[in-house]
Amino acid sequence: MTDMLKNLCKKMFGRSLWVYHANSGGCNGCDIEVLNVLTPYYDAERFGIKLVGSPRHADVMLCQGPAMRSTAKALKRAYEAMPAPKLVFAIGSCACGGGLWHDSYPVIGPVEKILPVNYYIPGCPPRPEAIIYGVAVALGLVDKKTAPVQIKQMEYPIPLYHPDDLHTKDEMIVYEKIEKL
Amino acid sequence: MEQTLIQTILAVIANVCTVLLVAPFCQGLLRKVTAVIQSRQGPPIWQPYYDLLKLLGKDDIESGDSPVMQRFAAYLSLATVLTLACLVPMGFSAPMNGQGDVILLIYLLTLSGICTLLAGLSAGSTYSLVGISRQMMIMIALEPLFAVAIIIGAIHTRSFRLDTVLNGSVYANDGFPWSGLIMLCVMLLSFQAFVERVPFDIGEAETEIMEGPLMEYSGPKLALFKYASMVKLIIYSALFVAMFAPWGSGFTFPLGLLLFWVKVIGLVLLVTLVAATHARYRIDQAIRYFASLLLVALSALVLAGYGF
Amino acid sequence: MSVLSKLKEAIVCLKAGRVTLPYPAQPRPAPPKFRGRPIFNATKCIGCGGCASNCPAREILVLDICQEIRILKYLGRRCAYCGRCADVCPEKAITMSLEFENATNSIGDISQTLELFMSTCQRCGRCFKEKSPLEQLKMKGYRFDDLKNDRWIFKSQSYLGDEPVVADIKLDME
């Protein structure tokens, strides 16, 4: 009986996510896009997402801005105050990889140097549709569309040796420049 | 008529189960209608059930100054409102009719407000202390309004029994019911504050402005508090309907019950409409508003004393 | 009366109906000049490295393995989608696509790696000094980035030694 209740509670986790918003030093561009997601046009409440004011009530922490020297401790404390099970989303290129300010003096780096991040939503700032797409990937509603790409230029455009100057001699291909008389 | 013990127990169980099952549905209806007024697609109507189940599955972190008081405040909040559910008539007469009277009702209503204060005290941080001081100010200004309504009913019917007072007794004097109509207007104007919705949810649910008294709660104890506030909406609506709009409660079994729930849902929709279109008041504006309402209510009490 | 004006506001919003876009159910394309993820076209790329030197976030790393092969690696972590790489590319091999749905649970998914063949002298097989600076940029020794640790190296002599050039900031957190 208690197992059934526990399974039910685990299944309900995806249907009502309570979100806590933590900006640790960003430019507020991604803040505005997150606020856009909560407006009627791109409604986030239809997925059951609610914005709460205290990390103890929240399931998901939305991190924006790179991890700065001054706010690193506060960010870590807010993460530890959240009750398990919890998720961390890094929104924007500053939180995913340090952003354009990655080698500046107060910036430690991306948020993953301080907290373990579960989902990345890159963009500068990401469109509200991109943020909703990231939430849908986290909830398992859609599949992710990115994969690493590796391309090799297989055709060598200019041959290294002219085919007339190559001839075979005892299983070896020898290059010998023949003087034209 | 006197109830036997079995009948009392069955009625108590029926009332408590009804209240527990219907309260999240009314909250869901409130959120959906708010969303429709704001031109968006809101959460599904069963969303508060999902919220409560999810909160039950989270980790329970005990923190703050005194964990014992934290646990005590959480259990007390839901226990108080469920005890209130036994004393409130919901289409039938109240289950524990002979065991309690109207004074007990007033005390239990005040106690359910005190649970939030205990919760904020157990957290001990500055934000929660400010939240509970504002909640205390509002409670001091607000509880007398309900008490005056009940006392006017008691004066008119000359008894403190639950089934006589909670049966439209404010209108029960001999001539034109002046005090009853004045109290109806006062209660309609201050109803939002009793159920802690938007223009007046200053102390408790103020998670947008500060974290408030519920700051240190997580998981199952937070579920208890949220459940208690959902149930309070139903209890106050049922009390309002029983005292001020009792017409049709004399009908036979299915029709009377149905009419009661239709009236309660209508009141919840009215609360939603006001909550979706208003902004939150500051504490000094709210206290000034309640002070003027209290003056009007006391004049209604004086009129009732003279028989009007 | 303020109550009447609030009721009017509620009626106006109700008349607007439901404005929510059914986004994940129906796709919503970006406007035509939108700068989404950059796509690197290996058939057009000549391996000049202009994008790597112009990127403000230093997200494109270049490494010459030998005289003929140059690896160009775009890590998407810090990319701000500014479009400078596409502006500077002489062969228009980089296009800023309209894709914005880049969310993922491991940040290495966004990287693109190109292995390119750089041409050498037909007679001797070595690189020769070209007349124009653009041709000179193709010579070995122009950029050495650390592809194993995904970091760029800005001091020209740093490839000889082993020290990390961009050091991590150490911070104590109790």
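## The sheet of chain A

In this predicted model, chain A holds an open sheet of five strands in the order 2-1-3-5-7, with parallel pairing. Strands here are DSSP runs of E of at least two residues, helices are runs of H or I of at least four, and both are numbered from the N terminus; two strands pair if DSSP finds at least two bridges between them. Strand 2 (50-51) and strand 7 (119-121) of chain A are the edge strands, each pairing on one side only.

Strand 5 (residues 87-91) of chain A runs parallel to strand 7 of chain A, and three bridges join them. I91(A) stands opposite I121(A) in strand 7 of chain A. Helix 2 (residues 29-37) of chain A packs on the sheet and touches strand 1 (18-23), strand 3 (60-64) and strand 5 of chain A. The direction of helix 2 makes about 140° with that of strand 3 of chain A; axes are lines fitted to C-alpha atoms, for helices over the stretch in contact, and angles run from 0 to 180 degrees between N-to-C directions.

## Chain B

Chain B has ten helices and zero strands. Its radius of gyration is 19 Å, close to the 19 Å that the globule rule gives for 308 residues, so chain B is as compact as a globular protein of that length. The radius is taken over C-alpha atoms, and the rule is 2.2 Å times the number of residues to the power 0.38. Along the principal axes, the C-alpha atoms of chain B fill a box of roughly 55 × 45 × 45 Å.

Of the 308 residues in chain B, 46% are buried. A residue is buried if 20 or more other C-beta atoms, placed from the backbone, lie within 10 Å of its own C-beta. Helix 8 (residues 220-244) of chain B reaches 36 Å from its first C-alpha to its last, close to the 36 Å expected for its 25 residues, the expected span being 1.5 Å times one less than the number of residues. Helix 8 of chain B is mostly covered, with 23 of its 25 residues buried.

Chain C has four helices and five strands, running α-β-α-β-β-α-β-β-α from the N terminus. Of its 174 residues, 25% count as buried.

Nine residues from chain B and ten residues from chain C form the contact, which is counted where C-beta atoms placed from the backbone lie within 7 Å. Helix 9 (residues 253-277) of chain B gives the most to the chain B side, with three residues.

## Basis

Residues are numbered from 1 along each chain as its sequence is written, and chains are lettered from A and ligands numbered from 1 in the order in which they are written. The model is predicted: local features need pLDDT of at least 70, side-chain atom pairs count only at pLDDT 80 or more, and totals for chains, interfaces and linings use all residues.

Definitions and conventions
A residue is buried if 20 or more other C-beta atoms lie within 10 Å of its own, exposed if 12 or fewer, and partly exposed in between; C-beta atoms are placed from the backbone. Two residues are in contact if their C-beta atoms, placed from the backbone, lie within 7 Å.
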